[in-house]
Amino acid sequence: TVAKLRNVPAILPPDLAERYLALPDSVPQRVLDLAEEVAGEAETGYDQAHAIEFFLRTYTYTLDLPAPPTDQDLVDYFLFDLQQGYCDYYASAMVVMARAVGAPARFATGYSQGEYDHEAGRWVVTEENGHSWVEVYFGDVGWVEFEPTAGFPEPARPGQGPVELRVIPPLPPRSIPWLSRFGPVIVWVASGISAAALVIAVWVWAFRRGRDM
């Protein structure tokens, strides 16, 4: 139940803590700051995980995506630039954000249950049922599933109520990747154009003044 998960600390045995709380040094600071903004004030490990889950479900789900950039952190790209994606993006973001606030989390992948074929008397599971989700560790309970992907049903837990909206911020302002990459070049070109315009204006002014004299 939710009450039990709130009373059980999200603490791993020491031999596993290093693995499931680890984050690379390359994670951008704004990703860590966003995790703290979303879940930092939550009172329990469960509330932290649930707040992150709820927040990520406000992103748009789609399978129609461009190839991600090879020179940018994928979670940072999803949270701040793309702001849409499919299960791999959502699950990756939740694992990173959960670990950032001290909740041990892991990326899980497999298949949903598919559809039941009544005539054949069997469950039919196809490639379209492939899915990724997140599991967070809670004391004696073990690994508990969370579903951050928009459009997929959340795991039903007795006693689960709505997340307090005061701890859920809006999506961060969407950044423009090309502007961050080419901004310095644009500034340099604009400065050059301005300088050239100033030189031409001075030359025209001097030329006209010379004619008047």
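Glutamine 83 is found in the loop between α5 and β2 (84-85). Helices here are DSSP runs of H or I with at least four residues, strands are runs of E with at least two, and both are numbered from the N terminus. Please keep in mind that this is a predicted model, in which local features need pLDDT of at least 70, side-chain atom pairs count only at pLDDT 80 or more, and totals for chains, interfaces and linings use all residues. Residues are numbered from 1 along each chain as its sequence is written, and side-chain values use heavy atoms, with hydrogens and water left out.

Let's stay with glutamine 83 for a moment. Its phi is positive, near 55°, in a residue other than glycine. Is glutamine 83 buried or exposed? At 12% relative accessibility, glutamine 83 counts as buried; the cut-offs are under 20% relative accessible area for buried, over 50% for exposed and partly exposed in between, with a 1.4 Å probe and protein chains only.

Eight of the nine residues of α5 are buried, so the helix is mostly covered. The buried ones are Val75, Asp76, Tyr77, Phe78, Leu79, Phe80, Asp81 and Leu82. At the other end, where α5 starts, a side-chain oxygen of aspartate 73 reaches to within 3.1 Å of the backbone nitrogen of valine 75.

What does α5 pack against? One partner is α6, with the two axes 9 Å apart and at an angle of about 110°. The axes are lines fitted to C-alpha atoms, for helices over the stretch in contact, and angles run from 0 to 180 degrees between N-to-C directions. The two helices are therefore roughly perpendicular to each other, a label for 65 to 115 degrees; under 35 counts as roughly parallel, over 145 as roughly antiparallel and the rest as oblique. On the α5 side, the contact is made by Leu74, Val75, Phe78, Leu79 and Leu82, and on the α6 side by Tyr89, Tyr90, Ser92, Ala93, Val96 and Met97. Contact here means heavy atoms within 4.5 Å. By type, these residues divide into 10 nonpolar, one polar and no charged, where Ala, Val, Leu, Ile, Met, Phe, Trp, Tyr, Cys and Pro count as nonpolar, Asp, Glu, Lys and Arg as charged, and the others, Gly among them, as polar.

Helix α6 (residues 87-100) also meets helix α3 (residues 29-39): their axes come within 9 Å and cross at roughly 75°. That makes α3 roughly perpendicular to α6. Val31, Leu32, Leu34, Ala35 and Val38 in α3 meet Val96, Met97 and Ala100 in α6. This contact has eight nonpolar residues, no polar and no charged.

Now for another neighbour. With 11 of its 12 residues buried, α4 is mostly covered; the buried residues include Tyr46, Ile52, Phe55 and Leu56. The 12 residues of α4 (residues 45-56) should span 16 Å at 1.5 Å a residue, and the end C-alpha atoms are 17 Å apart, which agrees. The expected span is 1.5 Å times one less than the number of residues.

Serine 132 lies in strand β6 and is buried, with a relative accessible area of 2%. Its side chain makes a polar contact of 2.6 Å with that of aspartate 88 and one of 3.4 Å with that of threonine 109. A polar contact is a pair of N or O atoms within 3.5 Å; within protein, one must be able to donate a hydrogen and the other to accept it, and residues adjacent in sequence count only if both atoms are side-chain atoms. Leaving out residues up to four places away in sequence, serine 132 also touches others, including Cys87, Ala91 and Phe107.

Finally, a step back to the whole chain. Its secondary structure comes to seven helices and seven strands, and buried residues make up 38% of its 213 residues.
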